[in-house]
Amino acid sequence: MDKLELKAYGKINLGLDVIRKRPDGYHDLDMVMQMVDVYDDVTLTRLEGTEIVVRTDTAVLSNGKDNLAYMAAKMLMDEFGIVQGLEITIRKRIPIAGGMAGGSSDCAATLTGVNQMFNLELSKEELMERGVRLGADVPYCILGGTAIARGIGEILTPLPTPPKCHVIIAKPPVSVSTAFVYGNIKPDEIEKRPDIEAMVSAIKAQDLYKLAKSLYNVMEDITVPQYPVIQEIKTIMLENGALNSIMSGSGPTVFGLYDDIEKAEQTVKLLKAKGLTEQLYLTKFI
């Protein structure tokens, strides 16, 4: 196999709770993760020689050794003694620094692709064990679909696919530092938290309205006051037919769930007209 084309899907957090800060500096989380049909194209191509080369279509991302996709390929190829040139080409669609795990998903796709291309025969679980060394979201991005994520995000319990709906993804033209959000959140002072059990129950019962009602992200307490445009986008969604709207991850990407395609399409037009977003998608759960 000389060339392999993969889709690296983005994720949203249907629920996100920060439980406590751990002695190692990380935080214990309780989340429901959901993949959406917004993806980066990741293409692996064998090269002459032994160099690993990363190419992206944006100057915002590094093409060097600190790119997670490079690190993923290097880790597996070193472990299995693969001496082979490899080009990793990434075409971005997932918002960068947007709370949708774009870098982690590219990393996960690269791990999966190297495993296939070089016939390493690692199971999904074995890839996930390696992936967590590169990032807390990487195991989930390998698993895909819908899942409860606990610990730092690496303890995963798969769930059924939620009921069908229309999903608007809206990324405002701001970037949020995940380190800033975690550095300022105080788990002991969080007053409102998502009901993860109610969310899981709604997913299992295929109850879209109960699921939408239970959406919540505690990180909004930190991010929204810093970036009021997030609340502006949420308000537009909620006033124009969204069953609910919250921020994904540490932000600033906002998503809304709709049961009516016409209302969703109208909201997209309105958001475009107001110029509040730099990336905007009408999509669905994967």
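## Nonpolar cores

Contact here means heavy atoms within 4.5 Å. In this predicted model, L44 is in contact, beyond its neighbours within four places in sequence, with D2, K3, L4, L6, L86, E87, I88, T110, G113, V114 and M117. L44 belongs to the largest nonpolar core, which has 71 residues. The residues with the most contacts inside that core are L44, I88, L111, V114, M237 and L271.

Another core, of 24 residues, lies apart from the largest one. V38, I94, I148 and L208 are among its members.

## Strand β5 and its partners

Strand β5 (146–151) is mostly covered, with five of its six residues buried. On the side of β2 (27–47), six bridges join the two strands, which run antiparallel. Within this pairing, A149 of β5 is the bridge partner of M31.

β5 is also joined to β6 (155–159), by five bridges and again in antiparallel fashion. Here I148, also a member of the 24-residue core, stands opposite T157 of β6. Three residues separate β5 and β6 in their hairpin, where G153 takes a positive phi near 120°.

## Helix α6

Helix α6 spans residues 196–204, and its buried residues are I196, A198, M199, V200, A202 and I203. These buried residues pack against β1 (3–21), β2, β5, β6, α7 (208–213) and β8 (216–217).

At the start of α6, a side-chain oxygen of D195 comes to within 3.3 Å of the backbone nitrogen of E197. Just after the helix, Q206 takes a positive phi of about 55°.

## The four-stranded sheet

An open sheet of four strands is arranged in the order β9-β10-β7-β11, with antiparallel pairing. Its edge strands, each pairing on one side only, are β9 (244–247) and β11 (279–283). Neighbouring strands of this sheet are turned against each other by 15° on average, direction ignored. In general, the strands of a sheet pair through backbone hydrogen bonds.

Strand β7 (residues 166–171) is joined to β11 by five bridges, and the two run antiparallel. K171 stands opposite Q279 of β11. Helix α9 (residues 229–239) lies across β7, β9 and β10 (254–258), running at about 10° to β10.

## The loop residue N67

N67 is placed in the loop between β3 (52–56) and α1 (68–79). N67 counts as buried because its relative accessibility is 8%, below the 20% cut-off. Its side chain reaches the backbone nitrogen of A69 at 2.8 Å.

Leaving aside neighbours within four places in sequence, N67 is in contact with V54, T56, S62 and I90. The C-alpha atoms of N67 and G103 are 8.2 Å apart, although the two residues are separated by 36 residues in sequence.

## Cysteines

Which cysteine sulfur is closest to that of C107? It is the sulfur of C141, at 8.5 Å, which is too far for a bond. A disulfide requires the two sulfur atoms to lie within 2.5 Å, and the count of disulfides in the model is zero.

Both of these cysteines are buried: C107 counts as such because its relative accessibility is 0%, and C141 because its value is 9%.

Notes
Residues are numbered from 1 along each chain as its sequence is written. This is a predicted model: local features need pLDDT of at least 70, side-chain atom pairs count only at pLDDT 80 or more; totals for chains, interfaces and linings use all residues. Side-chain values use heavy atoms; hydrogens and water are left out. Buried means under 20% relative accessible area, exposed over 50%, partly exposed in between (1.4 Å probe, protein chains only). A polar contact is a pair of N or O atoms within 3.5 Å; within protein, one must be able to donate a hydrogen and the other to accept it, and residues adjacent in sequence count only if both atoms are side-chain atoms. Two strands pair if DSSP finds at least two bridges between them. Axes are lines fitted to C-alpha atoms, for helices over the stretch in contact, and angles run from 0 to 180 degrees between N-to-C directions. A nonpolar core is a set of buried Ala, Val, Leu, Ile, Met, Phe, Trp, Tyr and Cys residues joined through side-chain atoms within 4.5 Å.
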